[in-house]
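Please read the following briefing alongside the sequence and the three-dimensional structure.

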Amino acid sequence: MYGPPPDPRQIYAPTGMWSEPGPWLVCLLVGIAIAWAAGTRRPFLFILGATLALTTPFAAYALTYVWGQFPTIDKAGSLLFYLDGVMWRFWDPADPAIRLIGVHVGHLWITAIFDVFVEPFAAFNLQAFLNLVLGWYCAWLLLDELSGDREVSLLMAFPFGMGLHLFRDINWYTIEKSGVYWIPLYAWALVRAYRLGGRWIGLAALIYVATLFYNFYLGVLCAGIGALALFARKREVTLAVLASALAALPLVGLQLLAMRGEGALGDPQMFLTQRAALDIFELWPPKWNRLEAWRSLNVVGLGLAAMGLTRRKNLWLGGIALVFFVLSLGPAKNPVYHLLFEVIPGFWRIAKPETFFHVTWLALLAVAARRLADSYPSRRFVAFLGALFAVGWALSIRTHPVYPRLTRPIDLTLSEHWERAVPKAPGKE
């Protein structure tokens, strides 16, 4: 199975293309119109329009139905904890919900902003859509910085921001899982610090703290990027990484407090053997957390990356891809993973090593963008590849069983003393 079985209370919404063609047609045409009017000169609007068209008819029902399976343990739990106000208690490591979730509740602050205008479930919907747009856009920022070709970067950033993995997360899991835009955003800030220094040192640190507060998983990935960036031996990059580490200390301290003492939730060994060992990148047959690699990865991008890795200037990107790929394989027969598990405090909370592959995929797409840009392709050829990518996306991702359908929202309540059902470390009652 790709994910958890459906809840018996779940009801699919009546939004079929043949039974309700109007919303499909409107979303498609509006999205195409926005992308066409914006063109590549205004990348954000182009991406917004393209995402609107590709995800049709989501926008027509964003305020009416839930995007993805509902209720699931993750999505229902996230909504209930949000309604309980956990995001305003992140500073209290003794709070049971903070002990379970962690102090990284920034994604719920974003939900709270949308919640001012729409219902809570719709606020999660809008954030999911925003995650896709920002994932594509922030990947474009990084790739454009590295390749110097605006159109090629838009093309090669597409598989990162609109990948199957993200739609699977939107379908079943908590909202921050699909918010991977922080990874290219932080990497972009480090590249800018490398080239320009100055204010980019502080901006990189600010972005890192925001990333950590949004989700600690993403914070760990960006910390890894920062550690590898130190090998650039550039003063400005070193200062940016050190500033990021210092700025993150208060949040890290709060998180460590939440994971210790009486009432701490979670068992490190259980996380390692019963969770981290399962959610990984499998070598054969190639699968990214149970998703077929040939559908979750862009074949053209992989081919271009393979050609680009033969060039010396791309070896450092290849090294980053390799390091994170090794970690994405999980703890089974992986001494590198076990070393970090033993050495880094709190690393046991990484229950899904497959998230490391996001960095591998981003690095490979950066290599692909540079390789394609180096060949000076015509704009017509890039446009042809873009059309090919869109058709391939529709066939491989829109038709995949994990692509989120729309379901009806239902009323839920948070169980009393829910924390009693959460496993605790040995010796803790």
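The lining of the largest cavity is made up of 10 nonpolar residues, three polar residues and one charged residue. In this classification, Ala, Val, Leu, Ile, Met, Phe, Trp, Tyr, Cys and Pro are nonpolar, Asp, Glu, Lys and Arg are charged, and the others, Gly among them, are polar. The model is a predicted one, in which local features need pLDDT of at least 70 and side-chain atom pairs count only at pLDDT 80 or more, while totals for chains, interfaces and linings use all residues. Residues are numbered from 1 along each chain as its sequence is written, and side-chain values use heavy atoms, with hydrogens and water left out.

**Cavities**

- Rolling a probe the size of a water molecule over the atoms shows where empty space is left.
- On a 1 Å grid over the protein atoms alone, a cavity is a set of points where a 1.4 Å probe fits but cannot get out, and a pocket is an open set with protein on both sides within 12 Å along at least five of seven lines; lining residues have an atom within 4 Å of a point.
- Grid points are joined across faces, edges and corners, and a volume is the space filled by probe spheres set on the points.
- By this rule there are three cavities of 30 Å³ or more.
- The largest cavity has a volume of about 170 Å³.
- This largest cavity is lined by 14 residues, of which Val66, Lys75, Phe121, Phe124 and Asn125 are the closest to its centre.
- Strand S1 (66–67), helix H4 (73–83) and helix H7 (120–147) are the elements that give two or more residues to the lining of the largest cavity; H7 gives the most, with four residues.
- Helices (H or I, at least four residues) and strands (E, at least two) are DSSP runs, numbered from the N terminus.
- The second largest cavity holds about 80 Å³ of space.
- Among the residues that line the second largest cavity are His165, Asp169, Lys177, Tyr217 and His358.
- Helix H9 (164–172) and helix H12 (216–229) are the elements that give two or more residues to the lining of the second largest cavity.
- By class, the lining of the second largest cavity has three nonpolar, four polar and five charged residues.

**Second largest pocket**

- The second largest pocket has a volume of about 720 Å³.
- Its lining has 24 residues, and the closest to its centre are Phe46, Ala50, Ala383, Gly386 and Ala387.
- At least two lining residues of this pocket come from each of helix H1 (21–38), helix H2 (43–54), helix H8 (150–161) and helix H20 (379–396); H20 gives the most, with seven residues.
- The lining of the second largest pocket divides into 17 nonpolar, five polar and two charged residues.

**Nonpolar core**

- In soluble globular proteins, nonpolar side chains tend to be buried together.
- A nonpolar core is a set of buried Ala, Val, Leu, Ile, Met, Phe, Trp, Tyr and Cys residues joined through side-chain atoms within 4.5 Å.
- Buried means under 20% relative accessible area, exposed over 50%, and partly exposed in between (1.4 Å probe, protein chains only).
- The largest nonpolar core has 140 residues, of which Trp67, Leu143 and Met156 touch the most other members.
- H7 supplies the largest share of this core, with 17 residues.
- Leaving aside neighbours within four places in sequence, Leu143 is in contact (heavy atoms within 4.5 Å) with residues including Ser153, Met156, Leu362 and Ala369.

**Cysteines**

- The structure holds zero disulfides, a disulfide being a pair of cysteine sulfur atoms within 2.5 Å.
- Cys222 is in no disulfide, and the nearest cysteine sulfur, that of Cys138, is 11 Å away.
- Cys222 is buried, with a relative accessible area of 1%.
- Cys27 is also buried, at 6% relative accessibility.

**Backbone features**

- Most residues other than glycine have a negative phi, and most peptide bonds are trans.
- Thr56 and Pro57 are joined by a cis peptide bond, with omega about 10°; Pro57 lies in the loop between H2 and helix H3 (58–61).
- Phe70 and Pro71 are joined by a cis peptide bond, with omega about 5°; Pro71 lies in the loop between S1 and H4.
- Arg233, a residue other than glycine, has a positive phi near 55°.
- Arg233 lies in the loop between H12 and helix H13 (235–258) and is exposed, at 76% relative accessibility.
- Asn289 is not a glycine, yet its phi is positive, at about 50°.
- Asn289 lies in the loop between strand S3 (287–288) and strand S4 (291–292) and is buried, with a relative accessible area of 1%.
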